[in-house]
Amino acid sequence: MLPRVVSVIAPCRNERAHVAGFCDELAGQRLPEGVALEVLIADGGSDDGTRELLAARCAADSRFVLVDNPARIVSCGLNRCLHRARGEVIVRMDLHTGYADDYIAECLAALARSGAANVGGPWRAGSEGASQGGMGSGATQRGEGAGATEREGRDGATQRAIAAAFQSRWVAGGARSRNLDYEGPVDTVYLGCWPRASFERFGGFDESLVRNQDDEHNLRLVLGGATVWQSARIRSAYRPRASLGALFRQQLQYGYWKPFVMRKHGRAASLRQLVPGVFVALLGMSAIVAPLLPAARDALALLVLAYALYVAAASLAIARGAGMALLPRLPAVMAATHFAYGLGSLRGWLDVLWRGTPSPAFGTLTR
């Protein structure tokens, strides 16, 4: 049975360049007849004009509601929206993503045919994602705002390389969430769409997690016997980071918060999440011991050679599909992804085992 109201919940902070496109795409959603829409946007203290733009939109369209998020953390903003949401179905959406005009309709259809506790589409990234997917203005087509044009001109090729690597199994480790054609159960899903009953049974988002709160919530569902479902018919396009520095900071945070999720549940959602940390640890230990032991020097040389060959082969494979012009940038993109995630994981484990609490240095979001 179709819901009477669908509630979209979206956290944001300093997203002036994306407010108009996001709101226009939500207003243009083709919903099933009889289904009403409300959009709750939690602003985490924006100081770039985002809040003023949102307030104007809310004043002009009663379906949009501005929610305060003083904690400035995604999970806190999502929970504040959940508290005010009226819908029987909850859809999470982000301002840095572009959406097909049937995105919400396909989420509802996937819920109906799967009976899952959470559904979502594949995690698609790329400068061509929105336009090829038939998605409105799209995250990949939004460049408004101060400095956006300059950044795109300077970093456009880097962003395309980051998007191509993001989508590749060589970097994603075979994660089904990056498989654009997969339909079926998964351990986690991009964004998400839940019957309200899922939150009533499993609770909201963990506010102690700055990152990975969606992975943790999905893991909670799966461990509780529920199903998380991915549908290729749910189309969106995520706008990735546009520079190596921004990518490194993002992956450092993703890696850092993963051990806190593992500590909470006593397991990883997937073994592939452990690989970068193990690799960086082996590399670091070999480098430390290498001056003392010939065997350690040999091990270090072998590790470096193996990784270099892997990156070279992966970069070539990705470039063949995404464009050979990206080849010179791909090794740095892969290295930034792997080493940042691995270093973040090691620091996370250090804080889990020694401090017991997260470091304040990792307590704010990066973009």
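Tutor: In this predicted model, helices are DSSP runs of H or I with at least four residues, numbered from the N terminus. The protein has 13 helices and 10 strands.

Student: Which helix gives the most to the nonpolar patch?

Tutor: Helix α13 does, with 4 residues. The patch, a surface of about 840 Å², is made by Leu274, Val278, Leu282, Met285, Trp349, Leu350, Leu353 and Trp354. Two elements, α11 (275-289) and α13 (330-355), each supply two or more of its residues.

Student: Why does Trp354 count as exposed?

Tutor: Trp354 lies in helix α13. Exposed means over 50% relative accessible area. The relative accessibility of Trp354 is 72%, and therefore Trp354 counts as exposed.

Student: What is the reach of helix α12 from its first C-alpha to its last, and what is expected?

Tutor: Helix α12, residues 294-322, reaches 41 Å from its first C-alpha to its last. For its 29 residues, 42 Å is expected at 1.5 Å a residue, and the reach is close to that value. After α12 comes Gly323, with a positive phi near 125°.

Student: Which residues of α12 are called buried?

Tutor: The term buried requires under 20% relative accessible area. In α12 the buried residues are Ala296, Tyr307, Val311, Ala314, Ser315, Ile318 and Ala319.

Student: What share of the residues in the protein is buried?

Tutor: Of the 367 residues in the protein, 52% are buried. The accessible surface comes to about 16000 Å², and carbon and sulfur atoms account for 59% of that surface.

Terms used. Residues are numbered from 1 along each chain as its sequence is written. This is a predicted model: local features need pLDDT of at least 70, side-chain atom pairs count only at pLDDT 80 or more; totals for chains, interfaces and linings use all residues. Side-chain values use heavy atoms; hydrogens and water are left out. The expected span of a helix is 1.5 Å times one less than its number of residues. Buried means under 20% relative accessible area, exposed over 50%, partly exposed in between (1.4 Å probe, protein chains only). Accessible areas come from the Shrake-Rupley method with a 1.4 Å probe; for residues, only the protein chains shown count as cover. Patches are made of residues with over 30% relative accessible area and no salt bridge: like charges are joined within 9 Å, nonpolar side chains (Val, Leu, Ile, Met, Phe, Trp, Tyr) within 5 Å. A salt bridge is a side-chain nitrogen of Lys or Arg within 4 Å of a carboxyl oxygen of Asp or Glu.
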